[in-house]
Amino acid sequence: MKVDVLLGLQWGDEGKGKIVDVLTSGYQVITRFQGGANAGHSLEFNNQKHVLHLIPSGIFHEKAINIIGNGVVLDPAIFKTEVEEIEKKFGITLNKRLLIAKKANLIVPTHRILDGAMEEAKGKGKIGSTLKGIGPAYTDKVARNAIRVGDILQPNFKEKYEQLKQLHLKQLSLYNFAYNLEQLEKDWFAGIELLKTFQFIDSEHVINKYINEKDTRILAEGAQGSMLDIDFGSYPFVTSSNTICAGACTGMGIAPSKIGSVIGIFKAYCTRVGSGPFPTELFDEVGQKMRDIGHEYGSTTGRPRRCGWLDMVALKYSIMINGVTELIMTKADVLDSFDTIKVAVGYKLDGKTLDYFPYEIDNNIEPVYKEFKGWNCDITGKTSEKELPKELADYVKFIEKETGVPVSIVSVGPDRDATIIR
Ligand code: GDP
Ligand code: IMO
Ligand code: MG
């Protein structure tokens, strides 16, 4: 069986956690392939809401095997907090259902401090990082300095850690940045001890073995969104990994030919948290209304998310880069009380109209909008496609026509059950 990949097509927070949780009933294995605890994936069931950061969103399904893949950067301190919170809240034991790639890179405490120091030094040009140490950790991976999960069990682990820490302390001396390493290190080493109770695997072998099994279906869960991809996002206002489908190959050790469906998820509008260009951003009461109704506040940092209309130019770009075969639209219910709904179908730049996503993606871009009549009714309790209002059906049809890709699910609320399969 091939690996299906589910990934965000916008600037993150499209509802990946909720949908992976919904889809897990049809899969035996769920894997994360990039990012780290910068992610915040929310899911809701039985009137309980939970936010996952490092752990794949299939974790609440007893029979599913969840894997943290080699492309992930793992902070043991955050991992410990996350594991303990879930085990306490849900009364389950995670080390039976969660496997960790030996080749996943570790985030060390000084990565987090460096993230803070570098952001502060950027002043007005700051990225708006979640400050989880993601950028510095991937930098060390590429610079060949990193420590990996598999190193924890090696006799020279402490030595490796000290070496990396000394390198970081030298780097930190270039910044005028206050920090307290002692507590961070205490939590980190406690996290290492907890991590040791989990099974470390050669994930590329394990995943490829699953691929060769006839009855095992694998779903790869992306973090962030395509517009935050290190290569194709709005650089430099991006995260430090390949969030796109290609990242699933390098982040799990599977060949491109082993990718099956590419499931692209997007909100019925757009949000972005952190700095950087956002052509359809609304600064008025309409944007505030989206934020209020959609509870658009970061799952990881609590920051208010910037809100705006759906951007078809950016969406088509993401679909192209990822080779999306199937679309999922979330948060349609948030637009229930909007009289008019707008979609950007082009950009105006320097007097020219563009229908593609350009290199010069900055504040000079002016979106060209197409307007739709709103459905003006409550869709939150709807359970089937035929119950959806005509205006919403038209909105979905327009998106399918523009993108050439079918919309397989419309999500109408945060709960597992608020999911309309078309
Ligand atoms: P992720 O990072 O892509 O997993 O998304 P987040 O969890 O950060 O943000 C999505 C937010 O929207 C969460 O609070 C979800 O509970 C919520 N959500 C997901 N789908 C829907 C939906 O269809 N309608 C509404 N109203 N909320 C949703
Ligand atoms: P999920 O998986 C939304 C944003 C940050 C910042 C930029 C770089 O929940 O969709 P980083 O911490 O990676 O150095 O931050 O990327 N960002 C996200 N925005 N959702 C996320 O994850 C994000 N992860 C990072 O706000 O602008
Ligand atoms: Mg999120």
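Modeller: Let's start with a term: a salt bridge is a side-chain nitrogen of Lys or Arg within 4 Å of a carboxyl oxygen of Asp or Glu. Side chains of opposite charge can pair when their charged atoms come close. Before the cases, some ground rules: this is a predicted model, where local features need pLDDT of at least 70 and side-chain atom pairs count only at pLDDT 80 or more, while totals for chains, interfaces and linings use all residues. Residues are numbered from 1 along each chain as its sequence is written, chains are lettered from A and ligands numbered from 1 in the order in which they are written, and side-chain values use heavy atoms, with hydrogens and water left out.

Colleague: Okay, how many salt bridges does the structure hold?

Modeller: There are 22. One of them pairs Asp-151 with Lys-160, at 3.5 Å from N to O.

Colleague: Are Asp-151 and Lys-160 buried or partly exposed?

Modeller: The cut-offs come from relative accessible area: buried is under 20%, exposed is over 50%, and partly exposed is in between (1.4 Å probe, protein chains only). Asp-151 counts as buried at 13%, and Lys-160 is partly exposed at 30%.

Colleague: Which residues are joined into one network by salt bridges that share partners?

Modeller: Asp-13, Lys-267, Glu-296, Arg-305 and Lys-331.

Colleague: What about Arg-416 and Asp-21, and where do they sit in the chain?

Modeller: Their side chains meet in a salt bridge too, at 2.6 Å from N to O. To place them, you need the elements: helices (H or I, at least four residues) and strands (E, at least two) are DSSP runs, numbered from the N terminus. Arg-416 is in the loop between strand E19 (407-411) and strand E20 (419-421), and Asp-21 is in helix H1, so this pair links distant parts of the chain, 395 residues apart. Asp-21 is buried at 1% relative accessibility, while Arg-416 is partly exposed at 25%.

Colleague: And which residues coordinate the magnesium ion, ligand 3?

Modeller: For metals, donors are N, O and S atoms within 2.8 Å (3.2 Å for Na, K and Ca), and sites may look incomplete because water is not among the atoms. Here Asp-13 (OD) and Gly-40 (O) coordinate the ion, at 2.1 to 2.2 Å. Asp-13 lies in the loop between strand E1 (3-8) and helix H1 (16-23), and Gly-40 in the loop between strand E2 (29-32) and strand E3 (41-45), 27 residues apart. Gly-40 is buried at 10%, whereas Asp-13 is partly exposed at 21%.
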